[in-house]
Amino acid sequence: MSTRAGTGRFRGQWGSGLLVAALLLGGAAGAAAATPFSPKHKKWLDEEVPYLISDEEKKLFRQLPIDAERDRFIEDFWLARAPTPGTPENEYRDEHYRRIEYANQFFSEGRGHNGWRTDRGRMYIVLGKPNQVTKYPWHSSVRPMELWF
C-alpha cells in the first residue's frame with residue numbers, strides 16, 4: 001500500500017472501492033485491447049495527480065481499456081476525496097488545482113521546468129502554504145535556501 005502524502009485519510013473509503021473496481025474491470029481489461037491514452041488522460045496521470053494518486057490507483061487506471069472508463073475513474077477519484085460528498089463543489093480538487101497554478105506561477109525554474117515539478121512546488125502542492133518561510137540569501141559558503149515551517 002502506498003504511503004504518499006495526501007492520500008492517507010482517504011484510504012479507507014477509497015481502498016475497498018479500488019478492490020471491487022479492480023475485480024470487475026480485471027476481466028474487461030484482459031478481454032479488450034486497451035486504447036492508447038488520450039492526451040487529456042496522459043496529462044491527468046502524469047502532470048495533474050502524480051503526487052496524489054496511489055500506486056494501486058495508478059496501476060488500475062493504466063489497465064482501463066477505454067476512455068469512458070478512464071473518465072469514470074477520474075470522476076470517482078475526485079469524489080472519493082471530496083470533503084463534502086453530495087455537493088456540486090469539490091473543495092479538495094479545486095484546492096489541488098489552485099496549488100498547481102500557484103506552484104507554476106511562483107516556483108518555475110527556466111524553460112520547460114514547470115513549478116509543479118520542483119521540490120518547492122511538490123511540497124506546496126502536497127502540504128499547502130507554509131506557516132512561515134525563512135530565506136537565506138547567497139553567501140560565499142552556502143547556496144541560497146528557504147526553510148518552510
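Is Trp44 buried or exposed, and what is its relative accessible area? Trp44 is buried, with a relative accessible area of 3%; buried means under 20%, exposed over 50% and partly exposed in between (1.4 Å probe, protein chains only).

The model is predicted, so local features need pLDDT of at least 70 and side-chain atom pairs count only at pLDDT 80 or more, while totals for chains, interfaces and linings use all residues. Residues are numbered from 1 along each chain as its sequence is written, and side-chain values use heavy atoms, with hydrogens and water left out.

**View 1. Helices H2 and H3 are roughly antiparallel to each other.** The axes of H2 (residues 39-48) and H3 (residues 55-63) come within 12 Å and cross at roughly 170 degrees; over 145 degrees counts as roughly antiparallel, under 35 as roughly parallel, 65 to 115 as roughly perpendicular and the rest as oblique. Helices are DSSP runs (H or I) of at least four residues, numbered from the N terminus. His41, Trp44 and Leu45 of H2 meet Lys58, Phe61 and Arg62 of H3, where contact means heavy atoms within 4.5 Å. These residues divide into three nonpolar, one polar and two charged.

**View 2. The largest nonpolar core has 13 residues.** Such a core is a set of buried Ala, Val, Leu, Ile, Met, Phe, Trp, Tyr and Cys residues joined through side-chain atoms within 4.5 Å. Trp44, Val49, Ile53, Phe61, Phe73, Phe77 and Trp78 touch the most other members. H2, H3 and helix H4 (67-81) each supply at least two residues, and H4 gives the most, with four. Apart from this core lies another, of eight residues, including Tyr51 and Phe107.

**View 3. Phe37 and Phe61 form a tilted aromatic pair.** Rings of Phe, Tyr and Trp (its six-membered ring) pair if their centres lie within 6.5 Å; planes under 30 degrees apart count as stacked, over 60 as edge-to-face and the rest as tilted. Here the centres are 5.4 Å apart and the planes stand at 50 degrees. Phe37 lies in the loop between helix H1 (11-31) and H2, and Phe61 in H3, so the pair ties together parts that are 24 residues apart in sequence. Phe37 is partly exposed, at 28%, whereas Phe61 is buried, at 0%.

**View 4. Trp44 and Phe77 form an edge-to-face aromatic pair.** Their centres are 5.1 Å apart, with 85 degrees between the planes. Trp44 lies in H2 and Phe77 in H4, so the pair ties together parts that are 33 residues apart in sequence. Phe77 is buried, at 0% relative accessibility.

Definitions and conventions:
Axes fitted to C-alpha atoms, helices over the stretch in contact; angles between N-to-C directions. Nonpolar A, V, L, I, M, F, W, Y, C, P; charged D, E, K, R; others polar.
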